[in-house]
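Thanks for passing this one along. Here are my notes, written to be read beside the model.

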Amino acid sequence: MNLFFFHDTEVNGVYTYDLEITDKHAILINSELKRLLLDTGSAQSMTVNDEPFLLCGEKHQSSSLNLINKVNELSGLNLHGLIGLDVLSRYRVLFDYKNKKIQFSANPFNIEGVKKPMKIIMGSAISLEASV
């Protein structure tokens with residue numbers, strides 16, 4: 001089983017990755033053009049062939065409930081895997097749509113702005129109303 005990784009830039013515990021937005025889906029892309037969908041609706045991360053992956057300097061396992069081929073068939077997104085809440089819940093995530101980057105941090109981001117409440121359903125944040 002191969003371990004694949006996403007090239008990141010780490011500065012003060014903040015990991016930055018390339019981001020693609022396709023049909024309102026957030027997708028991380030690595031140098032080998034492997035694509036991982038950020039999926040807050042999935043409890044577990046999974047990859048094609050159940051390969052583990054390296055993200056934020058940590059090795060993450062793929063669920064044995066591998067549904068990626070079915071997801072690709074239904075969505076046409078050509079994904080290598082998806083990052084579920086088992087990984088996403090460990091980090092704070094910041095999207096930089098303008099520069100096509102996404103950042104992960106175990107600590108709060110040092111940014112200015114207005115805080116907006118998020119709707120929490122079944123333990124997961126599902127929506128945020130905002131304007132840019």
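1. Is Tyr17 buried or exposed? At 1% relative accessibility, Tyr17 counts as buried, where buried means under 20% relative accessible area, exposed over 50% and partly exposed in between, with a 1.4 Å probe and protein chains only. Before going further, please keep in mind that this is a predicted model: local features need pLDDT of at least 70, side-chain atom pairs count only at pLDDT 80 or more, and totals for chains, interfaces and linings use all residues. Residues are numbered from 1 along each chain as its sequence is written, and side-chain values use heavy atoms, with hydrogens and water left out.

2. Now the overall picture. The protein has two helices and 13 strands; these are DSSP runs numbered from the N terminus, with at least four residues for helices (H or I) and at least two for strands (E). Of its 132 residues, 35% count as buried. The accessible surface is about 8,900 Å², and carbon and sulfur atoms hold 52% of that (Shrake-Rupley method, 1.4 Å probe; for residues, only the protein chains shown count as cover). Among contacts with a separation of 6 or more, 54% are between residues 24 or more positions apart, a contact being heavy atoms within 4.5 Å.

3. Phe104 deserves a look of its own. Phe104 counts as buried, at 0% relative accessibility. Leaving aside neighbours within four places in sequence, its contacts include Tyr17, Leu28, Leu38, Tyr91 and Phe109.

4. Which aromatic rings pair up? The count comes to three aromatic pairs, the rule being that rings of Phe, Tyr and Trp (its six-membered ring) have centres within 6.5 Å; planes under 30 degrees apart are stacked, over 60 edge-to-face and the rest tilted. Tyr17 and Phe104 are edge-to-face, because their ring centres are 5.7 Å apart and their planes are at 80 degrees. That pair links distant parts of the chain, with Tyr17 in strand S3 and Phe104 in strand S11, 87 residues apart. The rings of Phe95 and Tyr97 are stacked instead, with centres 5.6 Å apart and planes at 5 degrees. Phe95 is partly exposed at 31% relative accessibility, and Tyr97 is exposed at 53%. Tyr17, Tyr91 and Phe104 form one aromatic cluster.

5. S3 (residues 14-22) and S4 (residues 25-29) run antiparallel and are joined by five bridges; strands pair if DSSP finds at least two bridges between them. Thr22 has His25 in S4 as its bridge partner, and Asp23, in the two-residue turn, has a positive phi of about 50 degrees.

6. Please check the loop between S6 (46-47) and S7 (53-55), where Asn49 lies. Most residues other than glycine have a negative phi. Asn49, however, has a phi near 60 degrees, and Asp50, in that loop too, has one near 55 degrees. Asn49 is exposed, at 59% relative accessible area, whereas Asp50 is partly exposed at 25%.

7. Last, Ser63. This residue lies in the loop between strand S8 (58-60) and helix H1 (68-75), yet Ser63 is buried, with a relative accessible area of 8%. Its side chain makes a polar contact with the side chain of Gln44 at 2.9 Å. A polar contact is a pair of N or O atoms within 3.5 Å; within protein, one must be able to donate a hydrogen and the other to accept it, and residues adjacent in sequence count only if both atoms are side-chain atoms. Not counting residues up to four places away in sequence, Ser63 touches Gln44, Ser45, Met46 and Asp50.
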